[in-house]
Amino acid sequence: MASISQLVPVGFSLAAMGCWGTSDFTGGYAVRRAPAFLFTSITHASGACLMLALALLDHSPVPSRHTVGWSLLAGALAGVSLAIFYRALASGKMGITTPVVAVLSAGIPAVIGIITEGAPGILTISGFALAGAGLWLIPRPEDGSRPQGLGLALLSGIGFAGYFLCIKQAGSGSPLWIAGLSRSCSFFLTGAIVVLAGKIPSISRPDIRMAILTGC
């Protein structure tokens with residue numbers, strides 16, 4: 001029978017999965033109308049404000065330079081990866097994009113973890129194998145061509161994997177500060193891309209509200 005120490009990480013993982021899944025759905029739905037990088041910038045701005053406010057209210061200790069550095073690098077990867085992910089979802093191929101990104105973003109850190117920390121049990125390895133095999137069950141065009149948005153999904157999945165690896169390297173500092181700093185960096189990076197691209201695209205108020213909800 002599983003102990004409490006084993007069940008707590010599972011509970012946090014399920015909660016994180018629910019939050020990420022809800023965010024992916026709301027963001028993917030809205031970005032079909034809204035510009036991807038501007039939507040991503042607003043998303044990370046709202047997430048950064050929420051996390052930093054919670055960190056201050058919780059009186060969490062300010063992280064070390066090591067943690068700050070890895071958090072900012074994680075945010076840079078997350079910002080660009082999320083914008084690419086939304087671009088892929090905007091193509092209307094959610095059934096292809098989402099599982100590819102999910103398997104790559106989880107699979108790459110898992111493989112690196114196996115290399116550096118040793119192989120997990122047979123049940124866990126079987127789960128990895130099933131996840132990989134599931135990619136082959138994704139619907140493909142009948143003419144045998146590459147599914148639309150697959151390249152963007154691959155780039156996004158690799159970027160998210162880098163984000164998780166950087167978060168791991170950030171250490172055991174305050175999760176609120178780490179999340180707030182990473183999202184702040186994501187906001188500034190994606191915001192800079194929007195500004196440097198030239199004319200800032202328009203976005204409707206309902207999409208702005210959806211972006212704020214997605215970021216939180």
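Does Ser-46 count as buried or exposed? Point 1 gives the answer, after a word on the basis of the note. The model is predicted, so that local features need pLDDT of at least 70 and side-chain atom pairs count only at pLDDT 80 or more, while totals for chains, interfaces and linings use all residues. Residues are numbered from 1 along each chain as its sequence is written, and side-chain values use heavy atoms, with hydrogens and water left out.

1. Ser-46. This residue counts as buried, at 10% relative accessibility; buried means under 20% relative accessible area, exposed over 50%, and partly exposed in between, with a 1.4 Å probe and protein chains only. Ser-46 lies in helix α2, where helices are DSSP runs (H or I, at least four residues), as strands are (E, at least two), numbered from the N terminus. The side chain of Ser-46 reaches the backbone oxygen of Ile-212 at 3.3 Å. Setting aside residues up to four places away in sequence, Ser-46 touches Ala-211, Ile-212, Gly-215 and Cys-216, a contact being heavy atoms within 4.5 Å.

2. His-44. Helix α2, which covers residues 36-57, also holds His-44. His-44 is buried, with a relative accessible area of 7%. Apart from its neighbours within four places in sequence, His-44 is in contact with Ala-78, Gly-79, Leu-82, Arg-183, Ser-186 and Phe-187.

3. Gly-180. The place of Gly-180 is in helix α7, and its relative accessible area of 0% makes it buried. Between Gly-180 and His-44 there are 9.2 Å in space, C-alpha to C-alpha, although they are 136 residues apart in sequence. Gly-180 is in contact with Ala-48, Met-51 and Leu-52, leaving aside neighbours within four places in sequence.

4. Cysteines. How many disulfides does the structure hold? The number is 0, a disulfide being a pair of cysteine sulfur atoms within 2.5 Å. Cys-49 is in no disulfide, and the nearest cysteine sulfur, that of Cys-216, is 8.5 Å away. Cys-49 counts as exposed, at 56% relative accessibility. Cys-185, by contrast, is buried, with a relative accessible area of 19%. The closest cysteine sulfur to that of Cys-185 is in Cys-166, at 10 Å, which is too far for a bond.

5. Salt bridge. The count comes to 1 salt bridge, under the rule that a side-chain nitrogen of Lys or Arg lies within 4 Å of a carboxyl oxygen of Asp or Glu. Arg-33 forms a salt bridge with Asp-207, and their closest N and O atoms are 2.5 Å apart. Distant parts of the chain are linked by this pair, 174 residues apart: Arg-33 is in the loop between α1 and α2, and Asp-207 is in helix α8 (residues 205-215). Asp-207 is buried, with a relative accessible area of 3%.

6. Ala-170. Which residues does Ala-170 touch, not counting those up to four places away in sequence? They are His-66, Thr-67, Trp-70, Ser-71 and Ile-178. Ala-170 has its place in the loop between α6 (150-169) and α7 (175-196), and at 1% relative accessibility it counts as buried.

7. Gly-69. Helix α3 (residues 65-90) is where Gly-69 is found. Gly-69 counts as partly exposed, at 39% relative accessibility. From the C-alpha atom of Gly-69 to that of Cys-166, 97 residues apart along the chain, the separation is 9.3 Å.

8. His-59. Phi of His-59 is near 55°, a positive value in a residue other than glycine. Most residues other than glycine have a negative phi. His-59 lies in the loop between α2 and α3 and counts as exposed, at 70% relative accessibility.

9. Surface patch. A nonpolar patch on the surface is formed by Ile-4, Leu-7, Val-8 and Phe-12, with about 430 Å² of accessible area together. Patches are made of residues with over 30% relative accessible area and no salt bridge, like charges being joined within 9 Å and nonpolar side chains (Val, Leu, Ile, Met, Phe, Trp, Tyr) within 5 Å. Accessible areas come from the Shrake-Rupley method with a 1.4 Å probe, and for residues only the protein chains shown count as cover. Leu-7 is placed in helix α1 (residues 4-30) and is partly exposed, with a relative accessible area of 45%.

Key
A polar contact is a pair of N or O atoms within 3.5 Å; within protein, one must be able to donate a hydrogen and the other to accept it, and residues adjacent in sequence count only if both atoms are side-chain atoms.
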